[in-house]
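User: I would like to know what stands behind the labels used for this model. Please set the values against the criteria.

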Amino acid sequence: MPKSGFLHPKAGGWQILALPLILFILLPILAIFFELSSFDFFASLQQRQALEAIRLSMVTSLTTVAITLIFGTPVAYLLIFQKSRFSHVLDTLIDLPTILPPAVAGIALLIVFGRQGLAGQIFNVFGISIPFTSAAVVMAQTFIAAPLYIKAAAIGFSNIEGELLKSAALDGADSWQMFRYLILPISWTAILSGSIMTWARALGEFGATIIFAGNLPGRTQTMPLAIYIGFEVDMKVALTLSAILILISFLVLVSIKFALRKST
Amino acid sequence: MKIRLYPLILLIVLLLVATSSSHPKETPAAKNRTAPSSKQEPVAAKTLTIFAAASLTEPFNELGYIFETQYPPIKINFSFANSNILSQQILQGAPADVFASAADHFMALAVERGRIDEAGVQTFAYNHLTVIFPINNPANIHALHDLAKPGLKLVIGAKDGPQGFYIESMLTKASKSEGFDPWFKDRVYQNVVSYENSARGVVTKVRLGEADVGIAYQSDASGFAAQELGVLTIPAELNSRVSYTIAPLKDNPRAELANAFAELVLSPAGQAVLTKYGFLLPNQAP
């Protein structure tokens, strides 16, 4: 193969070919901040709708992360330390919600947990109705976002060598000690970056939320919903919330890169 | 070994691209298909683009079918959405030929900004608000008062959308009238569990039984949804009259066809279709 020329890996030709897509991705993101400079960011931030959406988004997405940590860690554990012939099936099924269109997730949740739904009818007997509540928002977010944590934690756990666990067991460590002093220290970066990814995905959840939880300011109207409804009404609020979400997403990516670099 | 494979793969890919792109052009069948249309007008002239309020989806789809059989080979391309969104798109230069709006305000906006000639605007139908509930009526809705029952799950259209405006006006009138307490409006709004993005979303949530009650357009509560919904008529003196207007856009090369579609909507045949889907006609409006 020739060592020089337009398409040599080090040649300038690639920079020109790469430019259109780079611009295509960067321009819309920069345009939001450019538009923002034309009005008072802090004034629209103080509007009730914006504040309520931010508060609700933070509360629900952090609740989602907490629930995912508590109930997702055992799933990741199961995937790695108790391999069976069902592990592959489970592994694939866990991935499904991340690939599904969120609207499908919303309808599926409604069919199960809606008032007329399979589980919803049982809840109804106890006077509990899930749709149109903040709990429904958390459920939609957990359904969509928890797999990201489970997969990240599972990869973290898989880095722990079996020999290490065996020798720890020989030294008389009980299972909690193994988790606390062995597994957790080794895989904490995976757990952290998985949690951050789940948090970010939960913050951005839209399709499942609007179908399963509806849209009510202060109760189920998270930031993405406020952006969608808001852009018909008040573009400024929509732009302000968009800018906040872009900044958070950026920080998330930077912090994950930082955490991963530190661990290697 | 790996390095030697790349030129080979590249060659195969190039060959595939070359054959796939050149082949159809050279086949006589394809030539025949493209020839007649290129001799007459560009393809775009054969499509009539109609921006219509979402509540018009069913009757307009049916009218579109009638139109296409009357004017072959014209194809109709519908864009159904909330009227405020459509009027925004038209103001920004969207390539629509006809605009059918669910509220006077949004048509007036397009006239004001020079996209539509006021002389061409015609009212072709009316609609009313109506209260809908699941067929088994879980919350025992029997009168408009019941909308203020504490703990009710009510869904309505977005507060700042076209429907929200009519609901606000209806509730304000009710709060001021005899038989209602002055806090009626506030108590109703307190029962809202979701502001749906469109009036259609309201119907879906009520049909599924997730909400106890919703406020929809009368046309949405007719047709195939009617069997699954209970309907409560809002007293005429409180109800808002939603008027539907249609107009061709200015400076349009397809103006003749655009006018023909508006004429079809206003013709006896068109009005019959609108009646079928629960709309009121200009000559029978209260």
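Analyst: Helices here are DSSP runs of H or I with at least four residues, and strands are runs of E with at least two. Counted in that way, chain B has ten helices and nine strands. The model is a predicted one.

User: Why is Ala174(B) called buried?

Analyst: A residue is buried if 20 or more other C-beta atoms lie within 10 Å of its own. Ala174(B) has 23 such neighbours, so it counts as buried. Its place is in helix H6 (residues 162-176) of chain B. Beyond four places in sequence, Ala174(B) is in contact with Leu144(B), Phe180(B), Phe184(B) and Leu238(B). Ser101(B), which is 73 residues away from Ala174(B) in sequence, lies 26 Å away in space, C-alpha to C-alpha.

User: What share of chain B counts as buried?

Analyst: Of its 286 residues, 39% count as buried. As for contacts in chain B between residues at least 6 apart in sequence, 74% of them join residues at least 24 apart.

User: Why is Asn124(A) called partly exposed?

Analyst: The label covers what lies between the two cut-offs, 20 or more for buried and 12 or fewer for exposed. Asn124(A) has 16 other C-beta atoms within 10 Å and is therefore partly exposed. The residue belongs to helix H6 (residues 118-125) of chain A. Not counting residues up to four places away in sequence, Asn124(A) touches Arg115(A) and Ser129(A). Asn124(A) and Gly114(A) are ten residues apart in sequence, with 9.4 Å between their C-alpha atoms.

User: What makes Asn137(B) and Asn140(B) stand out in their backbone angles?

Analyst: Most residues other than glycine have a negative phi. Asn137(B) has a positive phi, near 45°, and Asn140(B) also has a positive phi, of about 55°. Asn137(B) is in the loop between strand E4 (122-134) and strand E5 (154-157) of chain B, and Asn140(B) is found in the loop between E4 and E5 of chain B as well.

User: Is each of these two exposed or partly exposed?

Analyst: With 13 C-beta neighbours inside 10 Å, Asn137(B) counts as partly exposed. Asn140(B) has 10, which puts it among the exposed residues, the limit for that label being 12 or fewer.

User: How do you know that the bond between Pro72(B) and Pro73(B) is cis?

Analyst: Omega of this peptide bond is about 5°. Most peptide bonds are trans. Pro73(B) sits in the loop between helix H3 (57-70) and strand E2 (75-81) of chain B.

User: How do you know that the end-to-end distance of helix H7 of chain A agrees with its length?

Analyst: H7(A) runs over residues 134-158, and at 1.5 Å a residue its 25 residues should span 36 Å; the end C-alpha atoms are 35 Å apart, which agrees. A kink of about 40° lies at Ala145(A) in H7(A), shortly before the proline Pro147(A).

User: What makes H7(A) mostly covered and H8(A) hardly covered?

Analyst: In H7(A), 21 of the 25 residues are buried. In H8(A), residues 162-170, the count of buried residues among the nine is zero. Just after H8(A), Gly172(A) has a positive phi of about 90°.

User: What goes into the largest nonpolar core?

Analyst: A nonpolar core is made of buried nonpolar residues joined through C-beta atoms within 7 Å. The largest one has 124 residues, and Ala140(A), Phe99(B) and Leu154(B) have the most contacts inside it. H7(A) gives the most to this core, with 16 residues.

User: How many residues does each chain bring to the contact between them?

Analyst: Chain B gives 17 residues and chain A gives 14. On the side of chain B that touches chain A, helix H4 (83-91) and strand E6 (192-196) are the elements with two or more residues. E6(B) has the largest share, five residues. That side of chain B divides into eight nonpolar, five polar and four charged residues.

Definitions and conventions:
Residues are numbered from 1 along each chain as its sequence is written. Chains are lettered from A and ligands numbered from 1 in the order in which they are written. This is a predicted model: local features need pLDDT of at least 70, side-chain atom pairs count only at pLDDT 80 or more; totals for chains, interfaces and linings use all residues. The expected span of a helix is 1.5 Å times one less than its number of residues. The bend at a residue is the angle between axes fitted to the seven residues ending there and the seven starting there. Two residues are in contact if their C-beta atoms, placed from the backbone, lie within 7 Å. Ala, Val, Leu, Ile, Met, Phe, Trp, Tyr, Cys and Pro count as nonpolar, Asp, Glu, Lys and Arg as charged, and the others, Gly among them, as polar.
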